[in-house]
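Here are a few friendly notes on the strands and helices of this model. Please keep the structure open while you read them.

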Amino acid sequence: MKFISTRGQAPELCFEDVVLTGLASDGGLYVPATLPQFSAAEIASWRGLSYQELAFKIIAPFVDGEIADENLQAIIAKSYAGFRHQAIAPLVQIGHNEWILELFQGPTLAFKDFALQFLGNLLDFILAKRQQKVVIMGATSGDTGSAAIEGCRYCENVDIFILHPHNRVSDVQRRQMTTVLAPNVFNIALEGNFDDCQNMVKASFADQSFLPEGRQLVAVNSINWARIMAQIVYYFYAGLALGAPDRKTAFAVPTGNFGDIFAGYLASKMGLPIDQLVIGTNSNDILHRCISQNDHSKQPLVHSLSPSMDIMVSSNFERMLFDLYGRDGAAIAQLMEDFKQGNMPLSADALSRARALFSSYKLDDQEMLDVIAEVFAKTEYLLDPHTAIGVQAGRKTRRDPSIPMVCLATAHPAKFPEAIEKSGVGVEPKLPIYMQDLFEREERCAVLEQDIGVVQGYMQGNIRV
Ligand SMILES: *Cc1c(COP(=O)(O)O)cnc(C)c1O
């Protein structure tokens, strides 16, 4: 399968090359030139497949023979072997026709494990075949870093450097990263904030001359196509469990960078009958303003109790705009140029097509805390702050109560004890047993000053030859 850039000016890439590439050279994001389509009969034939079997059905058409079937199956099997629930993505009912899709059963307790476990194994396979080594460099405000480190800790051909803002991630989040003592894992606590970390990463991708001969940087944020692709699977898995393709499903998704919900959009385009996709945002509400008022203007970042959704601009939105504008790369390049001036109103046609499938709702911290408390009082089910946003967004915007509403639970509540305490439920979320010694484990981390020479020097000194 060929992959093309949303801005129309970068070379087409095959699957393996797209996995090793971050942004396209024209500044766009890579998307498949054509999407695989599944008929209702084919989807019906998948009823009863295990998560791993279903993942193979959905991912194989994108890989398109570049990796032999048995190797792809082995990569998938390895990626989900470390999940703590046999169903991988279990459904739990919390209300009438209302379901939670628990995506936090992976090693770091957030949905990002679905994509990053897979990406780590995929990279290792591709690199071994090519006898190539790469360097992963990423910035994190919490969940991405730990999921990426867990995904790559056993990779022979990857050295991974994750920057987090010193003293500004939660203790659980930091320890999930710094207690991984693998020889290829390097944590950098940067004396600065998350933006400083991200700028350091961006500058390093733009000029990679500091790397040893033959090495390149690989991105692990959701601009990497393989991450989006792996997330399509659980939409089909939940849909099938609730009666697809004979019955439609609606999904409510706590949204930051638009990666997770974009996978739902792709599932719908590929044949899964989806009635509605609900975008839930916190006070960083650019997507809610865009869908509800056609206001896609940048606003200052607000620090919320759902920190993994604290994002000013949702980068994957461009991938959907590409479709909404008839896959016209020049139009997208122009739109993004306009956006640099501060706003980016959508055309009437694009907006009405987006609204046909998407609804949106915004919650501030207080409303989110009230949802945690209300759901706990009625069901004793404890939502994490991100999931609570999805649940309420689903409730507030639901179009048809006869259609099952599936709320994606993106993190385990034990990752965010501060918000749980503030909600007043009066219980302390417990880490799973296998993580209960997290606070006794040895940590390893370099605290570095905010200077690109210092950071790159540290990397040069640690990249394995
Ligand atoms: C990353 C993250 C999100 C946001 O996902 P996007 O793909 O960026 O929209 C939501 N909740 C949690 C817990 C996350 O870690």
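**Notes on the sheets and their helices**

1. Helix α7 (residues 171–178) lies across β6 and β7, at about 160° to β6. Helix α6 (residues 143–152) lies across β5 (134–139), β6 and β7, and runs at about 165° to β6. Axes are lines fitted to C-alpha atoms, for helices over the stretch in contact (heavy atoms within 4.5 Å), and angles run from 0 to 180 degrees between N-to-C directions. Helices (H or I, at least four residues) and strands (E, at least two) are DSSP runs, numbered from the N terminus.

2. A word on provenance: this is a predicted model, in which local features need pLDDT of at least 70, side-chain atom pairs count only at pLDDT 80 or more, and totals for chains, interfaces and linings use all residues. Residues are numbered from 1 along each chain as its sequence is written, and side-chain values use heavy atoms, with hydrogens and water left out.

3. Isoleucine 160 has valine 185 in β7 as its bridge partner.

4. Both strands belong to an open, parallel sheet of five, ordered β8-β5-β6-β7-β13. β8 (217–218) and β13 (446–448) are at the edges with a single partner strand each, so one side of each has no neighbour in the sheet.

Methods: Two strands pair if DSSP finds at least two bridges between them.
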